Amino acid sequence: MAKIKLQDVSFFYGKGTAYCKEALKNVNIEIKEGSITSLIGHTGSGKSTMLQLLNGLSNPSEGKVLLDDVDIWEKPKEIGKVRFRVGLVMQYPEYQLFEETVEKDIAYGHKNMGLNDTEIAERISEAIDFVGLSPDVLQKNPFDLSGGQKRRVAIAGVIAMRPEVLVLDEPAAGLDPRARREILGSLSQYVKNNNASVILVSHSMEDMAYYCDNIVVMKGGEIISEGSVSEVFSRHNLLIDAGLDVPQILRIAERIRALGIDLKGELYTTDGAFKAILDYIGGNVK
Amino acid sequence: MNSDSYIKIENLCISYEEDDGGRTSVLKNISLDIKKGEYLAVLGHNGSGKSTLAKLLNMILEPDSGKIYIEGKDITDPQMTEDDVFELRKKVGMVFQNPDNQLVATIVEDDVAFGPENLGIEPTEIRRRVDEALSVVGMSEHAKSEPARLSGGQKQRIAIAGILAMKPDCMIFDESTAMLDPLGRRDIMNTIEKLNREHGITIIMITHYMDEAARANRIVVLDDGEILMDGTPAEIFENPEKLQNCGLDVPQCVGLVHSLKKQGIKIEGECHTPTACAEAIAAALEKKNGKN
């Protein structure tokens, strides 16, 4: 069973006006438990609209959003509960930190959930540990932290709500390679530990190749390709035609193949390409 | 000083004050020589001091100690007047990360004209500069568009045109591709390289993308406020462990070649760009098969 599902979803901005724009056209998508799915596509392809629909920030113009097979808009007054179950981390979430201390900032959402102080404290320490920050940041002012640390605090704020589905808009943008690895690594860990579903927007094909299970490719409000990472990257011409990119390593492997060397295997990660090359020369290299 | 250096930095230090009154060093005794027409990438983890360095070059920040010379003129001289700073900012332009924070007008060509207008340039000359700048960044057909309707990459190109219209000698890009989609990134990288190649503009490009840095002529790696490495991309990427230890990495192509070399496969030539890497690996594999 799918954890969260978009069923025949269309979304119009400015419906009924002369400026009506169809941002999503009859989209169907199923996200399984315990998986990381990446949304890719150009600016304006409908990715952010889709994230907002998943979290119940927007209401589909047509079709349904199903969470555990229940329409999230069945009882519109209870949409707030859905937002606790489907956590949303927006782009550059560090700009949304506002409290005096890291601890208060992370706690903010939980007070709204009606949890008591002991529960909140427990969740905060778990979340902070999860995103790889040490407990002594809790009493610091979030504005004294580095960019990478602030990003983690913002993500911790959502993780501490223990969402079943976590939706993130470019969680690693603007971070250095180590910080990218740490943040994406902690998301994989969250999925493993909680059998959660993560859906994230990313522009880095390399990150996707390493951390995601599935990829959904959007163009002009429609899904033009979807499947496992290896399926989507095996149809890489489609990505290039859509003006997107493929991991650098896949471009190299394809170029080597074009030079007459028949590499076989999963050529979209460095490890995969490395194995393919060793296989090609028969493994006896030393 | 060396006559062909455009920017010369000597023993530069800057720190900021902490809440408890103590001071934290951001740049520690940095010295660096940047030549006219150079295409330099600056790498470093978040908080390593890259953006601070960029802001010093444009006098957005002032150093605690040390000197910065631009074309032999000491810009850290306390005698610098406001006019001098103005003059400097005209020469050394800066493009930031977020395109939405850099555009001021509601029409593209007005935005590009904003800089030269403030310099008090003749209207006919402004017209000429705006047209030329938009043509260089490939945005002439959008001259009358609203910036809000453009994509991130297009907005960044407008921001670049706005600087170009002030006729700079040097442009600093502070993670200017970080918020863009792949097409936008490619656009900006091509524009940066065109400015360097065809217009002789000195480029200082701060980035977190190793594959972007690999395209420069020279890379400087900052680590906790100090220069850890300085060399050509081939030299810098020679040592993946050193880069990884300071929170960075090597481009995927370099990583692959290093792993293959460890297996005893002889790969010759520079491998820090995808095409060169593919050809070098293919050549090595053919040679190996020829022997078998």
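Predicted model: local features only at pLDDT ≥ 70, side-chain atom pairs only at ≥ 80, totals over all residues.
Residues are numbered from 1 along each chain as its sequence is written, with chains lettered from A and ligands numbered from 1 in the order in which they are written.

The bridge belongs to a parallel pairing of strand E3 (residues 35-40) with strand E8 (residues 197-201) of chain A, which extends over 5 bridges. Helices (H or I, at least four residues) and strands (E, at least two) are DSSP runs, numbered from the N terminus, and two strands pair if DSSP finds at least two bridges between them. In chain A, 6 strands make up an open sheet of mixed pairing, ordered E6-E7-E8-E3-E9-E10. At its edges stand strand E6 (86-89) and strand E10 (222-228) of chain A, each with a single partner strand, so one side of each has no neighbour in the sheet. From one strand to the next the twist averages 15 degrees.

Helices pack on this sheet. Helix H1 (residues 47-54) of chain A touches E3, E6, strand E7 (165-169), E8 and strand E9 (214-219) of chain A, and its direction makes about 155 degrees with that of E7(A). Helix H6 (residues 177-194) of chain A lies across E3, E7 and E8 of chain A and runs at about 135 degrees to E3(A). For these angles, axes are lines fitted to C-alpha atoms, for helices over the stretch in contact, and the values run from 0 to 180 degrees between N-to-C directions. Two residues are in contact if their C-beta atoms, placed from the backbone, lie within 7 Å.

Some backbone angles in chain A deserve attention. Most residues other than glycine have a negative phi. A:Asn195, in the loop between H6 and E8 of chain A, has a positive phi near 50 degrees. With 13 C-beta neighbours inside 10 Å, A:Asn195 is partly exposed. A:Asp8, in strand E1 (residues 4-13) of chain A, has a positive phi near 45 degrees; this residue is exposed, with 11 other C-beta atoms within 10 Å. A residue is buried if 20 or more other C-beta atoms lie within 10 Å of its own, exposed if 12 or fewer, and partly exposed in between, with C-beta atoms placed from the backbone. In helix H11 (residues 270-280) of chain A, the buried residues include A:Phe274 and A:Ile277. After H11(A) comes A:Gly282, whose phi is positive, near 85 degrees.

Chain B has 11 helices and 10 strands. Its radius of gyration, taken over C-alpha atoms, is 21 Å, close to the 19 Å that the globule rule gives for 292 residues, so chain B is as compact as a globular protein of that length; the rule is 2.2 Å times the number of residues to the power 0.38. Along its principal axes the C-alpha trace of chain B spans about 70 × 50 × 40 Å. Of the 292 residues in chain B, 46% are buried. An automatic or database assignment sets the domain bounds, giving domain 1 (37-63 + 79-233) and domain 2 (251-292) of chain B, whose C-alpha centres lie 35 Å apart.

The sheet of chain B is an open one of 6 strands in the order E6-E7-E8-E3-E9-E10, with mixed pairing. Strand E6 (92-95) and E10 of chain B are at the edges, each with a single partner strand, so one side of each is left without a neighbour in the sheet. The twist averages 20 degrees from one strand to the next. Strand E3 (residues 39-43) and strand E9 (residues 218-223) of chain B run parallel, joined by 4 bridges. Within this pairing, B:Leu40 stands opposite B:Arg218, and B:Leu43 has B:Val221 as its bridge partner. E9(B) also pairs with strand E10 (residues 226-231) of chain B, in the antiparallel sense over 5 bridges; here B:Leu222 stands opposite B:Ile227. E9(B) and E10(B) form a hairpin with 2 residues between them, and B:Asp224 in the turn has a positive phi of about 45 degrees.

The two chains meet in a contact that takes 36 residues from chain B and 37 residues from chain A. On the side of chain B that touches chain A, helix H6 (182-199), helix H10 (252-262) and helix H11 (274-291) of chain B each supply at least two residues. H11(B) gives the most to that side, with 8 residues.
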